[in-house]
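Welcome! Have a look at the structure shown here, and then we will walk through it together, beginning with the place where two chains meet.

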Amino acid sequence: MERKIRVVMAKLGLDIHWRGVYLVSQFLKDSGMEVIYLGNKFPEQIVEAAVEEDADVIGLSSLGGSHLTLGPKVVRLLKERGLDHIKVFMGGVMAPKDARSLEEEHGIAKVYLPDTPMQVIIDGIRSTVALA
Amino acid sequence: MKKIDDIIASALTGDKACTSRLISLVERDDEQAPYIMRQLYPFSGKAYYIGITGAPGAGKSTTVDKLVKMFCKNGKNVGVIAVDPSSPFSGGALLGDRVRVNIKKTEYNYFFRSMSSGNIMGGLSRTTKEAARILDACGKDIIIIETVGVGQSELDVAKATDTVVVILTPESGDGVQIMKAGLIEVADIFVVNKCDRPGAENIAHALKGMLDRIDYRLSWKPPIIKTSASLNKGVDTLYEGLGEHRRYLNCDKKIKQRRQRQIREELKRNIETEFIKTILSDIYNGNDFGKALDNVCEHRIDPQNAARQIVTAWLSKDMQPSEKWAKGV
Ligand code: B12
Ligand SMILES: Nc1nc2c(ncn2[C@@H]2O[C@H](COP(=O)(O)OP(=O)(O)OP(=O)(O)O)[C@@H](O)[C@H]2O)c(=O)[nH]1
Ligand SMILES: [Mg+2]
C-alpha cells in the first residue's frame, strides 16, 4: 500500500483560534495525507502523540502569542527523545522576525503566515518529508 | 535505520516508538509485515479486548477517555485503537478521536493509536486487529477498540473483541430503529449516553422492552447502562459492567470458545485470500496456462473445460514446496 504522510496537528497551548488549523487540516486530508487532529495540546502531549501515531510531521497552529515559547519546546523534546526525523511546521499570526527566528534558530522546518496559499503548504510538507 | 529484529525486541520490552513503528509497517502492508506478525503473535492473546461502537458523535471517544483513566488507576496498562473514516476521494483522513483524550502521561501508562478505515466498510480498518495484537504482545493488559461512527450493519468489531459496548443516545431514534440495527445482536453491554439530555429515559425504556422479549436464560443478558460521559457520570457503572462480563466469559472457558469462533472465521478468510493469491499466481505463471490460452483462442477447447483441466492438473501435481513457501513468508 502506498505510504501516506501522517501529520499530528495541534493548536498550540491554549490558543482559541481554530479556523486556520481546520482549514489546513482539511486541505492536507484532501491532498491524501492522514491528519491526526489533537485539538489544544501542550508540547509534552504533542510529542507523546507524535510517537504513538508514528507521525512524519507535527503541525502547530499558533495565533495566541505562545509561538516563541512552546514551539521551540516541541523541537527540543523531539531531540531529547531521538526523534529528529519528525519535522515540525508552524502557522498562524506572528511577527515575520519571529518566524525567521523559529526557522533559523529553533529547528522549525517552516512557518506559514496568514494568506499563504494552501498548495504552498501542501508542497512544502511533501517535499520536506520526501527529503527525510 | 534500525533492523527489524531490533525494533521488535525493543517493542516487546515496552518501547513506544518501536511499538508504534511496527503498527505502521503492518498497517501499510510493508513487505516485513508478515514477519512482524509471525514474531509477535505468539506473545499476544493475554489482553482483554473491549470494542466500543455506536453512531457518529454518540460519545465513544469521550467514554474511552474516561475508561482509560479508570483502568490506569487500577494499575492496568491500556492500549487504545481508534478508527475514523478515510476520505473516499483522496484516500486521506482527518482522525479526530484524540481530541477527547486528556490524560496526563506522567501519571498513567497507556498507548493511543488512530487508524483510518481505508475502504473497509465494517467499522474497523483492514489491520485494526493486527494493531491490537501488536499492543497485546507488547504488554498491554486491556485493549480498547473504538470503531468508526457506525450505522446499522458495521459489525466487524464483534469479530475482534471479547466485549462489545454499543453506545446509543437520545438521538438514536425509536424502538424500530434499534431493532433494525444489527448492532443489537452483537452488543454485550448497552450504554445510553448523553443522559443529561431529554429523551434518554425513552430510549432506555424502548431498549429494555425489546431485550425483555428475548430469552436470555442460557446466555448473557446485556445490561443497559445510563451515562453522561462528558460529565463523567455513570462511566463507573460501565466499568463495573465490563468487569462482570469479563467474569462471565471467564467462567466455563466461554472466552476461549468466543475467541475460537472468531479465529476460526478469521483463519478461513485468510485461507481464502492466501489460496486465491498463491494458487492463482502459481497457475498463471505456469506453462499450462499459456497452453490453455492458446487452445481456447484456437477454439480447440472451451474456456470452462480448459479451466477444469488446469485445476485438475494443478491438484495432481507433485507438491514441491515452492521457493515462496519454503521461505515461510
Ligand atoms: C477570528 C479571530 C478570532 C476569533 C477566533 C474564532 C475562530 N474562528 O478561530 C475569536 C473572536 C474567538 C478571537 C479571539 C481572540 N483573538 Co483573535 N483573531 C481573529 C482574526 C480576526 C482572524 C483569525 C482567522 O480565523 N484567520 C483566518 C485563518 C484561515 O487564517 P490563519 O489562522 O492565520 O491561518 C492561516 C495561516 O496562519 C496558516 N496556518 C495557521 N495554522 C497553521 C498550522 C500549520 C501546521 C500550518 C502549516 C499553517 C497554519 O495557514 C492558514 C492559511 O493561510 C485574527 C486577525 C488576523 N488577521 O489573523 C485575530 C487575532 C489572531 N486575534 C488576536 C487576539 C489578540 C485574540 C484574543 C487574545 C483577544 C482577546 N484579548 O481576548 C482572543 C484569543 C484568546 C485565546 N485564548 O487564544 C490577535 C493575535 C495577536 C498576536 N498573536 O500577536 C489577532 C492577530 C488580531 C490582532 N490583530 O490583534 N479571535
Ligand atoms: N451532552 C452530552 N454531550 C456529550 C456526552 N458525551 C459526549 N458528548 C459530546 O458529544 C460530542 C461527540 O463526542 P465524541 O466522544 O467525540 O463522540 P464519538 O462517538 O467518539 O464520535 P465519532 O468518533 O466522531 O463517531 C462531543 O462534543 C462530546 O463532548 C454526554 O454525556 N452528554
Ligand atoms: Mg470518536
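A polar contact is a pair of N or O atoms within 3.5 Å; within protein, one must be able to donate a hydrogen and the other to accept it, and residues adjacent in sequence count only if both atoms are side-chain atoms. Between chain B and chain A, 21 residue pairs are in polar contact, both residues being at pLDDT 80 or more. On the side of chain B that touches chain A, the elements giving two or more residues are α2 (16–27), β3 (93–95) and β4 (110–116) of chain B; helices (H or I, at least four residues) and strands (E, at least two) are DSSP runs, numbered from the N terminus.

Before going further, note that this is a predicted model, in which local features need pLDDT of at least 70 and side-chain atom pairs count only at pLDDT 80 or more, while totals for chains, interfaces and linings use all residues. Residues are numbered from 1 along each chain as its sequence is written, chains are lettered from A and ligands numbered from 1 in the order in which they are written, and side-chain values use heavy atoms, with hydrogens and water left out.

How many residues of each chain are in contact? Chain B brings 28 residues and chain A brings 25, where contact means heavy atoms within 4.5 Å. Together the chains bury about 2,200 Å², 48% of it on carbon and sulfur atoms; buried area is the accessible area (1.4 Å probe) that two parts lose on being put together, summed over both. Of the area that chain B buries against chain A, 28% comes from Arg28(B), Leu94(B) and Arg98(B), more than from any other three residues.

Seven salt bridges cross this interface, each a side-chain nitrogen of Lys or Arg within 4 Å of a carboxyl oxygen of Asp or Glu. One of them joins Glu52(A) and Lys16(B), at 2.8 Å from N to O. Strands take part too: three bridges join β2 (residues 34–41) of chain A to β3(B), and the two run parallel; strands pair if DSSP finds at least two bridges between them.

Now for the metals. Donors are N, O and S atoms within 2.8 Å of the metal (3.2 Å for Na, K and Ca); water is not among the atoms, so sites may look incomplete. The magnesium ion (ligand 3) is coordinated by Ser61(B) (OG), Asp97(B) (OD) and Glu146(B) (OE), at 2.0 to 2.2 Å.
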